[in-house]
Amino acid sequence: MDVIPAIDILDGRCVRLYQGDYQQSEVFGEDPVEVAQRWYSQGAKYLHVVDLDGAKQGKPQNLKVIEAIARSIPMRVQMGGGLRDRESILSVLHSGVSRVILGTAAVENSQLIADICAEFPEQIMIGIDARNGKVATRGWLETSEVIAVDLAKRLTSVGIAGIIYTDIHRDGTMQGPNIEALRQLAENVDVPVIASGGVSSITDLLNLLSLESVGVTGAIVGKAIYTGDIQLKEAIRAVGNGRWQDVIDGSAIA
């Protein structure tokens with residue numbers, strides 16, 4: 001399972017929100033590029049970046065910072081936040097980002113999703129952010145009447161590369177991921193699902209391994225790696241390639 005560190009950017013700084021509340025933000029780094037390099041040095045192969053300003057305003061607002069991150073480290077960077085039209089999506093893909101994450105557009109503009117997936121196969125992911133099972137949009141400031149599982153099932157037919165599922169009530173709370181909601185979603189789609197929200201310990205990551213068989217292929221970790229509750233290098237060793245349970249006397253099982 002991939003362990004994917006998160007960098008959320010607000011006003012050019014690396015922050016974490018509590019349950020998506022912009023009024024409850026905590027700064028964990030003044031330089032997101034430096035933070036990205038730290039996670040790379042600890043073994044991360046993927047990086048999850050969210051433009052919080054962009055999510056709120058509907059257009060990418062921290063593109064220069066995101067481009068600097070993508071150009072400074074040999075990691076695959078996936079990015080979301082404010083990507084609601086083709087122009088914005090192209091600007092991010094041209095900045096060196098490997099994959100873009102579309103959230104609000106997935107609810108409000110299904111034709112854009114189909115068109116952009118056809119144009120950029122394997123580079124478009126859908127971010128499904130759920131509040132009580134319903135999809136939140138516009139930087140989590142609004143909650144639609146769309147059921148998360150229904151949206152996921154509808155979009156898998158247009159060629160998305162995967163789904164990032166976030167339980168908003170768990171995000172930033174350090175209470176553990178919503179295992180049952182993740183299982184329900186993954187069992188209803190045939191694309192990889194990445195868990196997000198609430199991961200607070202290596203135990204949480206090990207619990208997510210029980211969903212590997214139904215298609216949960218990774219977990220995004222945020223606040224816990226900034227507070228030190230999770231040591232990223234140790235987490236990758238626990239559930240990534242060559243993980244502890246696959247190792248005997250220091251030799252990985254072939």
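Biologist: How many of the six residues of strand E12 are buried?

Modeller: This is a predicted model, in which local features need pLDDT of at least 70 and side-chain atom pairs count only at pLDDT 80 or more, while totals for chains, interfaces and linings use all residues. Residues are numbered from 1 along each chain as its sequence is written, and side-chain values use heavy atoms, with hydrogens and water left out. Strands (E, at least two residues) and helices (H or I, at least four) are DSSP runs numbered from the N terminus, and buried means under 20% relative accessible area, exposed over 50% and partly exposed in between, with a 1.4 Å probe and protein chains only. Strand E12, residues 216-221, is mostly covered, and the number of its residues that are buried is five.

Biologist: Which residue of E12 stands opposite Ile4, and which stands opposite Ser196?

Modeller: Two strands pair if DSSP finds at least two bridges between them. Strand E1 (residues 2-10) runs parallel to E12 and is joined to it by four bridges, and strand E11 (residues 193-196) also pairs with E12 in the parallel sense, over four bridges. Opposite Ile4 stands Ile220, and opposite Ser196 there is again Ile220.

Biologist: What is the handedness of the β-α-β crossover from E11 to E12?

Modeller: A crossover is right-handed if, with the strands pointing away from the viewer, the path from the first strand over the helix to the second runs clockwise. Here the chain leaves E11, passes through helix H9 (residues 202-208) and reaches E12, and this crossover is right-handed.

Biologist: Which residue in the hairpin of E7 and E8 takes a positive phi?

Modeller: Strand E7 (residues 124-131) and strand E8 (residues 134-137) pair in the antiparallel sense over two bridges, with Ala130 opposite Val135. Two residues lie between the strands, and the one with a positive phi, near 55°, is Asn132.

Biologist: Within what arc do the buried residues of helix H7 fall?

Modeller: In helix H7, residues 148-155, the buried residues are Ala148, Val149, Leu151, Ala152 and Leu155. The arc is that of the directions from the helix axis to the C-beta atoms. Seen down the axis, these buried residues line one face of the helix, because they fall within an arc of 160°.

Biologist: How many residues apart in sequence are the parts tied together by the pair of Phe28 and Tyr226?

Modeller: Rings of Phe, Tyr and Trp (its six-membered ring) pair if their centres lie within 6.5 Å, and planes under 30 degrees apart count as stacked, over 60 as edge-to-face and the rest as tilted. Phe28 and Tyr226 form a tilted pair, 5.3 Å centre to centre with 40° between the planes. Phe28 lies in strand E3 (residues 21-29) and Tyr226 in helix H10 (residues 223-227), so the parts they tie together are apart in sequence by 198 residues.

Biologist: Which residues do ring pairs link into a cluster?

Modeller: Trp39 and Tyr226 form an edge-to-face pair, 5.3 Å centre to centre with 80° between the planes. Trp39 is buried, with a relative accessible area of 2%, and Tyr226 counts as buried at 12%. The cluster linked by ring pairs consists of Phe28, Trp39 and Tyr226.

Biologist: The charged end of which residue sits over the ring of Trp39?

Modeller: A charge sits over a ring if NZ of Lys or CZ of Arg is within 6 Å of the ring centre and within 35 degrees of the ring normal. At 5.0 Å from the centre of the Trp39 ring, the charged end belongs to Arg38.
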